[in-house]
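Have the model open while you read.

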Amino acid sequence: MLTTVTLTLLEGLLTTLELFALTLLLALPLGLVISFGSMSTFAPLRYLMKTIVWVIRGTPLMIQILIIFYGPGLLFGLPLLPRFTAALVSFAINYACYFSEIYRGGIQSVPQGQYEAGQVLGMTRSQIFFRITLLQVIKRIVPPMSNEIITLVKDTSLARVVALQEVIWMGESFMKGNQGYAGLVWPLFFTAVYYLVFSGVATILLGKLEKKLEYFR
């Protein structure tokens with residue numbers, strides 16, 4: 001029985017890992033784009049981005065997943081999105097908005113004098129950003145980014161609201177009899193071990209990244 005539970009939960013964990021990795025792949029660059037919009041000198045764009053961030057950060061992620069999954073069908077009569085796609089889009093948009101605020105804080109924390117020094121040297125705005133600002137921003141945002149990434153590890157469990165077969169869903173299946181067993185509660189609690197190991201590995205990797213950036217001090 002233990003072998004069956006372990007292998008079944010491992011199958012769910014692979015879906016969780018895929019959702020986690022693709023969310024980061026999409027949310028990290030999208031968050032940077034949103035942060036640029038939030039700092040834009042073009043007022044309509046700036047207010048639009050700030051409004052989107054406010055709405056996304058102010059509403060539960062679970063509701064956002066349900067809206068993206070059911071919304072197109074209810075509003076426009078379109079087919080439902082695949083469960084994984086709906087969850088991925090929801091997570092990517094949600095975390096991009098959180099990341100955008102971290103990016104914005106990091107960019108604005110770089111002293112204005114460094115921008116001016118770059119201009120005196122004849123550098124373009126893009127050169128100043130990539131050669132002076134970006135490397136310092138990365139160092140400053142790693143700790144808060146690490147916190148959000150660890151939170152994402154656990155938030156992936158919310159994808160079960162659209163019956164995505166991630167690790168929590170697999171743990172619950174032993175209670176419902178979907179795996180040939182019924183009424184087994186302990187596999188659900190056993191999922192905590194998977195999350196603990198997953199979070200531990202992520203914490204170690206992010207800690208090593210932070211140490212590699214120590215030379216910016």
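A salt bridge here is a side-chain nitrogen of Lys or Arg within 4 Å of a carboxyl oxygen of Asp or Glu. With that in hand: Arg57, Glu101 and Arg104 are joined up in a network of salt bridges.

Some housekeeping before the details. This is a predicted model, where local features need pLDDT of at least 70, side-chain atom pairs count only at pLDDT 80 or more, and totals for chains, interfaces and linings use all residues. Residue numbers run from 1 along each chain as its sequence is written, and side-chain values use heavy atoms, with hydrogens and water left out.

Searching the whole structure turns up three salt bridges. Here they are:

| Arg | Glu | N to O distance |
|---|---|---|
| arginine 57 | glutamate 101 | 3.7 Å |
| arginine 104 | glutamate 101 | 2.7 Å |
| arginine 160 | glutamate 172 | 2.8 Å |

Let's take the network first. Helices are DSSP runs (H or I, at least four residues), numbered from the N terminus. What separates arginine 104 and glutamate 101 in helix 4? About one helical turn, because they are three residues apart there.

How covered up are these side chains? Buried means under 20% relative accessible area, exposed over 50%, and partly exposed in between (1.4 Å probe, protein chains only). Arginine 57 counts as partly exposed at 40%, and glutamate 101 is partly exposed too, at 22%.

Arginine 160 is in the loop between helix 6 (125-155) and helix 7 (167-176), while glutamate 172 is in helix 7, so the pair links distant parts of the chain, 12 residues apart. Arginine 160 is partly exposed at 32%, whereas glutamate 172 is buried at 14%.

Finally, the greasy bit. Tyr70, Leu74, Leu75, Phe76, Leu78 and Leu80 make a nonpolar surface patch of about 710 Å². Patch members have over 30% relative accessible area and no salt bridge; nonpolar side chains (Val, Leu, Ile, Met, Phe, Trp, Tyr) are joined within 5 Å, like charges within 9 Å. Accessible areas come from the Shrake-Rupley method with a 1.4 Å probe, and for residues only the protein chains shown count as cover. Leucine 75 belongs to helix 3 (residues 61-76) and is exposed at 66%.

Conventions. Helices (H or I, at least four residues) and strands (E, at least two) are DSSP runs, numbered from the N terminus.
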